[in-house]
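Student: I am new to this structure. Could you take me closely through one part of it, the side-chain contacts, and then show me what lies on the surface?

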Amino acid sequence: MSLRRVRRIIDDQDIRFVDFRFTDLLGGWRHISYAIEAFDEDMFVNGVGFDGSSVRGFQGIEDSDMLLRPDSQTAFVDPFCEAPTLAFICNVKDPITLALYSRDPRYIVEKATRFLEGSRLADTCYFGPEAEFYVFDDVRYDQTVNEAFYRVDSANGAWNTGREEAPNLGNKPGLKQAYFRMPPTDPYQDLRSRMISNLRGCGVDAELHHQEVGSGGQCEIGLKYKPILEMADSVMKFKHIVKNTAHADGRTVTFMPKPLFGDNGSGMHCHVSLWQRGRNLFYDGDKYGGLSDMARWFTGGILHHAASLLAFTCPTANSYRRLVPGFEAPVKLVYSMRNRSAAIRIPMYSLSAPAKRIEFRCPDPSANPYLAFAAILMAGIDGVLHRIEPPDPVDEDIYEMPEEEQRKIRDTPPTLKAALEALEADCDFLYRGGVFTPDVVDTWVRFKRAHELAYMDQRPHPAEFALYYDC
């Protein structure tokens, strides 16, 4: 988009504010807004200043000044701002050297894209993530010196069939029984439709929606596959728009992987394929699942590096509450046609060449999409470059296999602590082409240990009172 086109949008839509947005290391959106009278197109050249020491995973206080460089191609009008506001997604720059910032997640995806092109393996990597989420009517939590609790509620929850609702109209699906239900058992039809309308109005190509398996409001909205950078930008817009559409409806959305005990968690299954000059390189109709040799090696790379990958694709302690048997969350590092108990599935809805891709099912929506997508791509490229063969495919329900057979299959890491240790031991594939840098990995591991693992390790868990109070 040219700056002339930006100016035309400002004039035609009576824009009053310009908003500059960027993603911190953990995947949160940050922003600063300028009144239109203060907006200067020179900002696209010289950038906009901010304090990098106040942003998670960025600078120390001694060298805090940073710049935002807006990408004019990302412009969209935010539908949730009372005053008409034009938003841009930005990259982060050093104000002295003017170099792009190594810990800027968006820059990492840009480098991964260039590395793929430079490798001559392919010219485009397409991603199609499925970021599931829960819609709740009420959420309360606290953590103090003498109290720790959480409570989420949904009028649609299986636990509310006996609640006084004046009147209680029933139509509440049981645990793990909400998938594809019709209204009134699915009360979120119109809310999800509004979400899709808002997404499409902001340039996010949302295609479909439905209720997911989890009782109490688990939902999914399908996005059409896009090149990796465009899709990572879209996921950031997706989270913002979904949350704010629900908020305007008097509800709250969470992308937390496992908010409910005993019901399905929320994943972000990632559909991936490599293309060259408009041809899908993952297709070979004569081989298993229609996958080409390149696709199989790409799969082998992901499975080989899966333990360290999960430090980025499943980046919270709560992520590993989801990665347990029995809830459609894959914990076995194998691949298969159609089989949802495998870490990588080959979707078989269509046998045509354009539709052929792999589906990495471990990631969840707490991930920073830029880091997660870039890490997946780098693991896959490593698999192709080294022709890493995956384990033999498994086409039966893994959880129904004899235990001795299950034990032969590698598991996902059981905890975030284990995933971080795996990342430290296996990170060289991320450093190829300078895509990830040691300061990114080191900062990520240190932050997670200091701010999340230590936080949890030092506090009594409510379940410990149920287990041990009367010891």
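Tutor: What follows goes from ring pairs to salt bridges and then to surface patches. Keep in mind that this is a predicted model.

Start with the rings. A search of the whole structure finds 20 aromatic pairs. One of them joins Tyr-126 and Trp-275. Their centres are 5.5 Å apart, with 85 degrees between the planes, and the pair is edge-to-face. Tyr-126 sits in strand 7 (residues 124-131) and Trp-275 in strand 15 (residues 268-276), so this pair ties together parts 149 residues apart in sequence. Trp-275 is buried, at 11% relative accessible area.

Now look at Phe-312 and Phe-436. Their ring centres lie 5.3 Å apart and their planes meet at 40 degrees, so this pair is tilted. Phe-312 belongs to helix 7 (residues 306-313). Phe-436 is in the loop between helix 12 (428-431) and helix 13 (438-457). The pair therefore ties together parts that are 124 residues apart in sequence. Phe-312 is buried, with a relative accessible area of 1%. Phe-436 is buried too, also with a value of 1%. Elsewhere, ring pairs link Phe-20, Tyr-34, Phe-39, Phe-44 and Phe-88 into a cluster.

Next come the charges. Side chains of opposite charge can pair when their charged atoms come close. The structure holds 34 salt bridges. Take Arg-192 and Asp-186: their closest N and O atoms are 2.7 Å apart. Both residues are buried.

Asp-249 and Arg-194 form another salt bridge, at 3.0 Å between the closest N and O atoms. Asp-249 lies in the loop between helix 5 (228-248) and strand 14 (252-254), and Arg-194 in helix 4 (residues 189-201), so the bridge ties together parts 55 residues apart in sequence. Asp-249 is partly exposed, at 32%. Arg-194 is partly exposed as well, at 37%.

Glu-405 pairs with Lys-408, with 3.2 Å between the closest N and O atoms. Here Glu-405 is partly exposed, at 30%, and Lys-408 is exposed, at 65%. Salt bridges with shared partners also join Arg-151, Asp-153, Arg-163, Glu-165 and Lys-172 into one network.

Finish on the surface. Asp-51, Glu-62, Asp-63 and Asp-65 form a negative patch. Glu-62 lies in the loop between strand 3 (48-51) and strand 4 (65-70). Its relative accessibility is 67%, so Glu-62 counts as exposed. A nonpolar patch is made of Val-139, Tyr-141, Tyr-150 and Phe-261, with about 570 Å² of accessible area together. Val-139 is in strand 9 (residues 138-143). Val-139 is partly exposed, at 37%.

Key
Residues numbered from 1 in each chain as written. Predicted model: local features only at pLDDT ≥ 70, side-chain atom pairs only at ≥ 80, totals over all residues. Heavy atoms only, no water. Patch = residues over 30% accessible without salt bridge, like charges linked within 9 Å, V, L, I, M, F, W, Y side chains within 5 Å. Areas by Shrake-Rupley, 256 points an atom, 1.4 Å probe, with all protein chains shown as cover. Salt bridge = Lys/Arg side-chain N within 4 Å of Asp/Glu carboxyl O. Lys, Arg positive; Asp, Glu negative; His and termini not counted. Charge placed at Lys NZ, Arg CZ, Asp CG, Glu CD. Helix = DSSP H or I, 4+ residues; strand = E, 2+ residues; numbered from the N terminus. Buried < 20%, exposed > 50% of the residue type's maximum accessible area, 1.4 Å probe, protein only. Phe/Tyr/Trp six-rings, centres within 6.5 Å; stacked < 30°, edge-to-face > 60°.
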